[in-house]
Amino acid sequence: MTKKPQKFLAEKLQRYIAPFRFVGKGTFHLALQKTSERGGLDKAEGEKILDELRAQLNDLQERLYAQDRWSLLVILQGMDAAGKDSTIKGIFDGVNPQGCEVISFKEPTVQELNHDFMWRSMIALPKRGRIGIFNRSYYEECLVTRVHPEFLKKEKIPRKLITKNIWRERYADILAIERYLSRNGTVILKFFLNVSKQEQRERFLDRLEQPSKNWKFSMSDIRERGRWPRYMAVYQDIVRHTSTEFAPWYVVPADHKWFARLVIGSAIVSTLEGLDLRFPRLDKASLEEFEGVREALEKEGKSAAKRKARGKKAS
């Protein structure tokens with residue numbers, strides 16, 4: 001029996017998904033994850049597969065929107081210049097913007113600091129039938145605030161609640177919320193764009209050398225680069241403690257942007273295919289009503305054509 005094209009594609013994509021997917025089983029060491037992996041492909045081959053993925057994603061997003069039952073939350077984390085912005089553009093190019101929303105989380109505002117650390121993310125969750133993309137996310141509250149303890153002090157948490165266990169407690173809170181969301185129809189995919197320090201340097205230099213990219217560069221990026229070992233240690237801890245079957249982490253090799261897009265696009269398409277998304281089926285009464293409307297519109301068209309023909313003869 002011939003396989004359906006989309007089924008064949010889903011099976012083919014597993015080689016670009018499985019090696020980078022972590023669900024909390026076994027050990028995880030970030031230092032052992034290659035940042036320059038290319039999956040045995042060259043760029044031209046990767047771009048061809050990515051074109052297939054975009055076409056498939058466009059169809060799946062339309063079905064997701066029409067079915068209006070599931071929602072998809074895509075979380076992108078990574079160091080500065082890891083390629084989060086370009087990944088969003090490269091994968092979702094052509095997807096109907098009505099069913100897809102990108103939220104970028106920056107330094108918390110005064111209003112956001114007056115709420116719990118998950119509040120600003122919860123009010124930005126995708127509706128049913130939609131894809132929500134978090135460019136950075138609530139995981140910043142276990143990352144930046146851990147690298148910069150002074151940021152935690154701004155969150156107005158009662159002093160006695162800030163203990164040595166606060167990070168484990170936040171992990172537990174996040175997992176509880178992710179489990180809750182998954183039980184209510186929000187599928188969560190979390191991607192860490194694992195770029196090397198050397199590749200980040202090259203991308204920073206590129207931003208400095210090209211006037212059109214100068215705006216992307218900030219001196220704070222260099223200051224955070226100086227804390228690279230600390231960030232890597234915290235990212236490793238996050239993946240170890242918050243990878244689950246219902247909300248896995250994908251540690252994506254990001255030195256080659258095209259391959260990072262291929263891995264992320266493969267995971268998204270494969271996940272959506274697994275939801276068995278379908279266009280809603282109309283009941284018999286609606287179909288009969290639609291048939292009547294179709295006949296009326298066709299009759300109207302024929303009448304308009306006759307009037308037009310008579311007008312040409314008269315002229």
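## Aromatic pairs

Nine aromatic pairs are present in the structure, which is a predicted model. One of them joins Y138 and Y139: the ring centres lie 5.0 Å apart and the planes meet at 35°, so this pair is tilted. Y138 has a relative accessible area of 1% and is therefore buried. Y139 is also at 1% relative accessibility and counts as buried.

Y139 pairs with W249 as well, in an edge-to-face arrangement with 5.0 Å from centre to centre and 65° between the planes. Y139 sits in the loop between β4 (131-135) and α6 (144-147), while W249 belongs to strand β6 (residues 249-253), so the pair ties together parts that are 110 residues apart in sequence. W249 is buried, its relative accessible area being 1%.

Elsewhere, Y16, F20, W258 and F259 are linked by ring pairs into a cluster.

## Helices α8 and α11

Helix α8 (residues 166-183) packs against helix α11 (residues 228-242) at an angle of about 45°, and their axes are 10 Å apart. This angle makes α8 oblique to α11. Their crossing is right-handed.

On the α8 side, the contact is made by R168, Y171, L175 and E178; on the α11 side, by V234, D237, I238, H241 and T242. By class, the contact of α8 with α11 has four nonpolar, two polar and three charged residues.

## Helices α2 and α3

Helix α2 (residues 43-67) and helix α3 (residues 84-92) cross at roughly 70°, with axes that come within 8 Å. An angle from 65 to 115 degrees counts as roughly perpendicular, and α2 is therefore roughly perpendicular to α3.

In this contact, L50, R54 and L57 of α2 meet G90, I91 and F92 of α3. The residues divide into four nonpolar, one polar and one charged.

Technical notes:
Residues are numbered from 1 along each chain as its sequence is written. This is a predicted model: local features need pLDDT of at least 70, side-chain atom pairs count only at pLDDT 80 or more; totals for chains, interfaces and linings use all residues. Side-chain values use heavy atoms; hydrogens and water are left out. Axes are lines fitted to C-alpha atoms, for helices over the stretch in contact, and angles run from 0 to 180 degrees between N-to-C directions. Helices (H or I, at least four residues) and strands (E, at least two) are DSSP runs, numbered from the N terminus. Angles under 35 degrees count as roughly parallel, over 145 as roughly antiparallel, 65 to 115 as roughly perpendicular and the rest as oblique. A crossing is left-handed if the near helix is turned anticlockwise from the far one by less than a right angle, and right-handed if clockwise. Contact means heavy atoms within 4.5 Å. Ala, Val, Leu, Ile, Met, Phe, Trp, Tyr, Cys and Pro count as nonpolar, Asp, Glu, Lys and Arg as charged, and the others, Gly among them, as polar. Rings of Phe, Tyr and Trp (its six-membered ring) pair if their centres lie within 6.5 Å; planes under 30 degrees apart count as stacked, over 60 as edge-to-face and the rest as tilted. Buried means under 20% relative accessible area, exposed over 50%, partly exposed in between (1.4 Å probe, protein chains only).
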